[in-house]
Each structure stands twice: as C-alpha cells, then as structure tokens.
Amino acid sequence: MADQTVDTTGALAARLKIDPEAARALGIAMATKFASYERDRKLAELQWVRNARQFLGQYDQEIEKTLDPNRSRAYPKATRVKCISMLSRLMNMLFQTEKCWGITASAVPELDQEDLQKVLDDLSAASEGGELTDDTIEQAIRKFAAVRAARLELEVEDQLQELGGTSSEDFTQLCRQVMFSGIRYGMGVLKGPFTEVQQQRTWKRDDNGRMMAVPLESYRPRFEFVPLWDYYPDMSSRHLKGMEGQFERHVMSKHQLIMLKQRPDFIGSQIDEVIRLHPDGNYTSKSWETEIRAMGVQTQVADVARGKYEALGWDGYWSGKDLAAAGVQVPEDKLNEDLRCTVWFSGNIVIKAELDPWSELDTDGEMPMYHHFIFEENEATLVGNGLPQIMRDSQMSICSSTRILLDNASIMRVFEMNTGLLSLNNDTSSIVGDKIFYREDTSPATANIPAIRPIDLSLRVGELTNMVNLFQGFADQETFVSPATGGDMQKGPSEPMRTATGASMIQGAAALPFKDVVRNFDRFVESVIGSIIVFNRNFNADPKLRGDFKPVARGATSLMAKEILGMQLDNFANTISDGERPYVKMHGLVRARARVRDLTVTDIVVDDEEAKAIDTNTAAQQAAAADRQNKLADAEIRNTIGNTLKAATQAGKNTASSDATTVKVILDALEKGLPLDAILRSITAGTAGAGAAAAAEGAGGAPGPGDTGAVQAAGNQDTTVPGANAAMPVA
C-alpha cells in the first residue's frame with residue numbers, strides 16, 4: 001500500500017516462509033481465473049472497439065467491406081460532437097465555481113471518550129454548575145462535530161490539489177479522465193487511495209528555548225486513473241458491490257519491473273525469476289490492442305512487444321489456506337475463510353501477495369479501492385452503456401444519408417453528346433472551363449440542335465438533406481445533447497429570449513435530463529471522498545480531524561440555472577426582516593450571491609477570519625455610538641433641569657444660594673436614578689410650597705422654603721407628589 005522507495009530487495013521473501021510449489025499453484029490458479037474473466041469481457045471489448053471507431057469517425061470492418069471504392073466514404077462525426085458536448089457540459093456544471101462535494105457530520109455524531117468529555121467540560125464551565133439537559137448536550141455535540149467536519153473538509157480540499165502524486169494531477173483532472181471514459185465506453189474507474197509518505201518539517205523549541213526545525217513524516221492520499229481496457233471486473237455479477245474481485249493489467253518495461261524490487265511489498269526473488277525465464281519480456285498484444293493501434297498512426301510500429309512485461313493484479317477474495325501456503329501471514333482463526341487480498345503475478349509467478357491492508361484498519365466496513373462511474377446503467381451489462389452505443393443507429397443513419405447525398409451530388413454534371421455533330425478532333429472525355437467544342441454538321445435541319453446538352457437527373461438533394469436532419473434530431477433526443485446544450489442559440493427560441501439571462505435559463509432547462517448522469521457521478525464522488533475520510537481517520541495525526549463524518553455530493557444542485565438561483569438569493573436577502581436578521585448567516589449569503597454570478601469570491605468577499613473581525617469591530621462601534629448617545633441624553637437632561645430651576649428660582653424670588661443648593665440636590669437625585677418627570681413635578685410642587693413658606697416665615701413660621709422643595713426632590717420616590725399638576729412658573 002505504501003510507495004516508499006527504499007532498498008528492500010528480497011526483504012519480503014526473507015521474512016516469509018514461501019513454499020515454491022504453493023506459490024506456483026497460486027499463480028496458476030490466478031492465471032486460470034484471469035482467463036475466465038478475460039473471456040467473459042470479450043463482448044464488452046467488441047462494443048468498446050465499435051465505440052472507439054464511432055468516436056473517431058471510422059467505419060467498422062464489416063461496413064467498410066460493403067462500400068464501393070468509387071463511392072463516398074464520408075463519416076460526419078456527430079458522435080464526437082455529442083461526447084465532447086456532454087463532457088464539457090458536465091465539467092461546467094460540476095467544477096466551474098464551487099465544489100461538487102462536501103463533508104458533514106453524521107446526524108447523530110459518535111465521538112470518542114476524550115472529545116465527548118471535552119464537550120461536557122465546556123458545557124459545565126459555561127453553565128456555571130447549572131443542570132444540563134439531554135437536548136443541550138446533544139446540541140453541543142452536533143456543533144462540536146460540525147466544526148470538526150469543516151476542518152476536515154479544508155484538509156481534504158488541500159489533499160485533492162495533488163491527488164495524482166508525481167504526475168501532479170488534481171481531483172478535477174482525474175475526474176475528467178474518469179468522466180470521459182464513462183461517456184465513451186460506459187464506465188470510468190479510479191483507483192485509490194494509496195499512501196505516500198512525505199517528508200515535511202515543523203518547528204519546536206529546544207531545552208534552551210530556541211526554535212529548531214524538526215523533520216516530520218506525513219501521509220498523503222494518492223489516486224490513479226485506470227484505463228477501462230486494463231480493468232477486468234467480475235462480469236458474472238449483476239452489481240458492482242457483488243463482485244468477487246477484479247483484475248488490473250499492467251504493461252511495463254524491464255526497468256519498471258526491476259524497480260518493483262525496491263518496494264517492500266514485492267518479492268524481489270520472484271521478480272528475478274520472471275526476468276530469468278523471460279529475458280526479452282512476456283508481453284503479448286491483445287486483439288483489441290491491435291485494433292486500437294490500427295485506428296491511429298501506430299499500425300506500422302514493428303515489434304511493439306519488444307522487451308515488455310505483463311503483470312496482473314488481483315484485488316478480491318481468496319482462500320486463506322492458499323494464501324498462507326504462498327507465504328502470506330494469515331491468522332490461525334481465518335485459514336478456512338475467504339480473505340480479501342492483493343496478489344500480483346507475471347506469467348504464473350507470484351511477485352506480490354498480501355492481505356488487504358485496509359482490513360486491519362478502522363474503515364467502518366469494506367474499503368473499496370476501485371471507484372466506478374457508470375454513465376448509464378444497463379441491467380444487461382455490468383459496465384453500463386456509453387453515449388456512442390446509445391446513438392449508434394442514428395449515427396449510422398446519418399452516415400448512410402450523407403453518403404447517398406454526396407454520391408448523388410457527384411453526378412450533377414451529366415452531359416449528352418451527339419458525336420455525329422462534333423468534329424472528330426474534339427476531346428470528349430471531360431468538360432472543363434473555357435473549353436471549345438467544334439461542330440462539323442452542315443445540315444440546316446440540325447442547325448438548332450445542340451451537339452452537347454446537360455441531362456437534369458432527379459438527385460433528391462432536398463429530401464436527403466431533410467433525412468440527415470431527421471436522424472440528427474433523433475440523435476439529439478437519444479442523447480439529450482441539443483444545440484442549446486452546447487451553447488448554440490441559433491436554433492434556440494425567439495429573439496426576446498436571446499439574452500444572457502435567457503440563454504442561461506434555456507441551458508438550465510436543457511440540463512434537466514442530465515440529472516441521472518449527475519446522480520451517477522455523485523455516487524462516484526461519494527465513494528472517493530468517503531475513502532479519503534477513512535484515509536485521514538487512519539493516517540492523519542491531527543486530533544482536530546477526528547469525528548464521525550460522511551461525504552456529501554452536491555452535483556445535483558448545479559442543475560438549476562444560475563440566474564434563477566441568483567434571483568432567489570436576491571429576493572431572500574431583500575425580504576429578511578430585522579427580527580430575522582440575527583438568525584441569518586449574512587457572510588455566507590453574500591458569498592453565495594457572489595458565487596452564483598461566477599465571480600471570484602476570494603477576490604471580492606472577505607474570508608471567515610476577516611468577517612469575524614469586521615463583526616467584532618462593528619459591534620464595538622455600535623456599543624461606542626450607544627454610549628455617546630446616552631451621554632448626550634444625560635447632558636441634555638442636565639441642561640433642561642438647569643434651565644427649569646433657573647426659571648423657577650427667578651419666579652419665586654429665591655436667592656442665589658438657594659439656586660445652587662437646589663441644583664445640587666436635583667442633580668444628586670438624578671444620579672440616584674429618579675425619572676425626569678418626577679423630578680420636574682417635585683420641583684413644581686416645591687416652588688409652590690416655597691411661596692407659602694415665605695409668607696409663614698414673615699409671620700415667624702417654618703424654616704426656609706428652598707430647602708423644602710429640594711429635600712422633597714431628593715428624597716421622595718413617589719411620583720404622585722402634591723402639586724404635580726401645578727402649572728410651571730414662567731420667568
């Protein structure tokens with residue numbers, strides 16, 4: 001499973017006790033099984049060869065033999081146009097702006113004991129010892145798992161940038177290869193994940209506190225595209241999940257075979273035996289390989305098998321006893337079981353044999369190493385139908401109609417010549433421009449008769465053209481790839497709809513029949529992303545990526561016209577009320593509105609960290625503005641009170657000292673939280689009492705009037721004071 005390139009020649013053979021006879025028997029059994037798989041795939045190979053010719057615009061041999069060498073051999077490549085349009089449309093829908101996949105936490109996440117305890121501790125600290133309900137705990141667990149899922153999605157997105165290893169192929173490029181294979185032949189296959197060790201470095205402080213670089217080994221997932229020609233599934237199974245196993249054919253040079261000895265999972269001594277028995281290689285061309293080469297420029301290449309070797313890899317189930325006899329370490333309690341294993345053999349010699357490495361890891365079930373995209377499911381075949389097979393009859397009818405049309409058009413220039421009227425010296429084998437024919441007849445009876453005249457044949461060009469268009473329409477219906485799908489608006493609706501929005505909506509409507517194809521691709525994406533989730537669970541040392549996750553395919557969401565989705569997002573944003581706004585993730589809504597317009601989101605919308613900083617700054621500014629508003633209101637209240645006291649004092653003829661005392665008392669009452677209206681009513685009542693007190697003082701009565709009103713304002717908490725309805729004195 002690992003791809004380390006260290007010198008381990010013969011290490012596996014030295015570690016295991018290999019019985020040569022048992023290993024040879026295992027190789028023979030594997031070769032026999034491959035022969036049956038190859039025989040079962042023969043009919044599918046014939047169909048794939050026809051699909052390849054149809055895509056390239058070449059007639060099959062049985063049709064080629066029936067064509068007259070003097071007649072037209074035209075082959076309109078309608079199939080190629082349909083295949084390219086289908087591929088372009090799918091790639092545009094699935095990989096244009098946003099990811100066609102995602103990772104989410106399970107509906108009921110299962111956390112390990114350490115993470116679960118962390119959630120409970122955080123809840124207990126937040127509740128300050130209060131009682132925790134089951135709903136509160138479950139909600140916290142789901143939130144914790146959602147954060148972990150978001151982190152893992154970012155990690156996987158980074159891993160997908162170099163999914164092809166040394167070839168530097170990313171996820172999009174690999175998916176294009178798989179998708180194109182599925183469109184042409186019915187099935188696309190991707191293999192992985194493999195584990196590749198990368199040497200990285202991290203930073204830590206030594207005992208003296210200095211920062212130092214520390215080497216670190218990290219594991220990266222790797223995938224590779226498997227050409228369908230080299231893939232041999234179990235054709236006896238009705239479903240892919242029910243297969244006993246599959247073979248993959250590897251054709252390599254002698255140098256590549258020797259390099260396998262550097263890997264710890266191959267048996268170096270067995271590879272040496274293969275080279276000893278076959279020093280010039282053991283590769284032989286298959287019948288389909290010969291036909292494929294005949295379609296291109298390699299048909300004249302001599303001795304294509306020179307120095308090449310063929311190895312076959314089995315991924316599936318095999319008897320535990322046979323594997324143990326061949327040197328595989330099988331547990332004692334599983335010797336009588338069929339175990340999933342990986343076996344490579346060249347000829348009848350086993351060069352690699354081991355149990356499936358994933359069987360001993362945490363995989364939540366069987367871990368698939370081959371991921372399949374079926375273009376169109378067909379109960380009659382495991383490998384599905386390709387688009388050329390679907391439109392085969394229409395393509396052949398287009399070819400036939402076109403050949404007839406051209407053959408008829410080639411005889412439009414037919415002439416009748418009266419040799420009795422022409423000079424014998426004329427060359428009548430052809431008629432070219434500026435050619436002169438001479439006549440020799442002198443009879444007045446034939447003077448008005450032309451010596452050369454054209455013959456108008458019934459060529460039926462119009463009818464044949466309509467026939468070509470008829471079968472072209474059949475091909476559009478069979479493949480649901482119309483001119484609008486490819487962006488050709490010349491055959492679209494009327495002029496008012498020929499706008500950017502109208503064209504996008506038409507293309508969106510034309511994309512609806514693609515839903516089944518997209519759903520099939522979604523299953524492929526879920527299989528690939530699910531395997532990467534399992535990979536990170538076992539090989540990623542970051543504890544923040546642990547959790548219960550599941551892959552989510554989002555291909556079906558790309559079928560809606562972008563303008564329709566954009567209008568829905570705009571309407572939603574405009575109809576959010578102030579009460580609903582706190583419950584809406586506004587940053588996510590802005591990103592979605594930018595993305596649906598095919599804008600580069602990272603260029604015009606801030607990221608999550610910047611959005612968080614903006615929210616924090618906005619909240620601080622709002623708090624500061626509210627504080628300033630409160631201080632301004634307090635200042636206005638103080639000013640109003642001062643003016644009111646001044647008017648009351650002037651009206652009551654109070655002294656300056658009484659004014660100062662009254663103002664101080666009123667301000668003290670305001671700071672104690674008394675309402676302004678209560679203070680004003682108290683002032684009014686105190687002013688009225690001041691006049692009565694003054695009269696009483698003149699008669700030797702009660703103490704000073706100013707103190708009466710002030711004390712009442714400072715100490716009376718009842719707003720229903722006497723004199724509350726008295727008129728305010730006017731200066």
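Me: Happy with that. What kind of model are we looking at, and how are its residues numbered?

Reply: The model is predicted, so local features need pLDDT of at least 70 and side-chain atom pairs count only at pLDDT 80 or more, while totals for chains, interfaces and linings use all residues. Residues are numbered from 1 along each chain as its sequence is written, and side-chain values use heavy atoms, with hydrogens and water left out.

Me: What makes S7 a partner of both S6 and S8?

Reply: The bridge counts do. S6 and S7 pair in the antiparallel sense over eight bridges, and six bridges join S7 to S8, again antiparallel. S7 and S8 form a hairpin with two residues between them, and Gly347 in the turn has a positive phi of about 70°.

Me: How do you know that S7 is mostly covered?

Reply: A residue is buried under 20% relative accessible area, exposed over 50% and partly exposed in between, using a 1.4 Å probe and protein chains only. In S7 (residues 338-346), eight of nine residues are buried. Strand S1 (residues 101-105) is also mostly covered, with four of its five residues buried. Five bridges join S1 to S14 (residues 549-553) in antiparallel fashion, and Gly102 stands opposite Val552 there.

Me: Why is Pro76 called partly exposed?

Reply: Its relative accessibility is 27%, a value between 20% and 50%, so Pro76 counts as partly exposed. Pro76 lies in the loop between helix H4 (61-64) and helix H5 (78-95). Its C-alpha is 8.1 Å from that of Gln395, although the two are 319 residues apart in sequence.

Me: And what makes Phe480 stand out in its backbone?

Reply: Phi of Phe480 is near 45°, a positive value in a residue other than glycine. Phe480 sits in the loop between H15 and helix H16 (500-510), and at 27% relative accessibility, Phe480 counts as partly exposed.

Me: Why is the pair Phe55 and Phe180 called edge-to-face?

Reply: Rings of Phe, Tyr and Trp (its six-membered ring) pair if their centres lie within 6.5 Å; planes under 30 degrees apart are stacked, over 60 edge-to-face, and the rest tilted. The structure holds 22 aromatic pairs. In the pair of Phe55 and Phe180, the centres are 5.8 Å apart and the planes make 75°, so the distance passes the 6.5 Å limit and the angle falls in the edge-to-face class. Phe55 is in helix H3 (residues 42-56) and Phe180 in helix H8 (residues 171-185), 125 residues apart. Both Phe55 and Phe180 are buried.

Me: How do you know that H2 has close to its expected length?

Reply: The expected span of a helix is 1.5 Å times one less than its number of residues. H2 (residues 20-40) has 21 residues and reaches 30 Å from its first C-alpha to its last, close to the 30 Å expected. Its buried residues include Leu26, Met30, Phe34 and Tyr37. Phe34 and Tyr37 also belong to an aromatic cluster whose other members are Tyr232, Phe247, Trp314, Trp318 and Phe345.

Terms used: Pairing = 2+ DSSP bridges.
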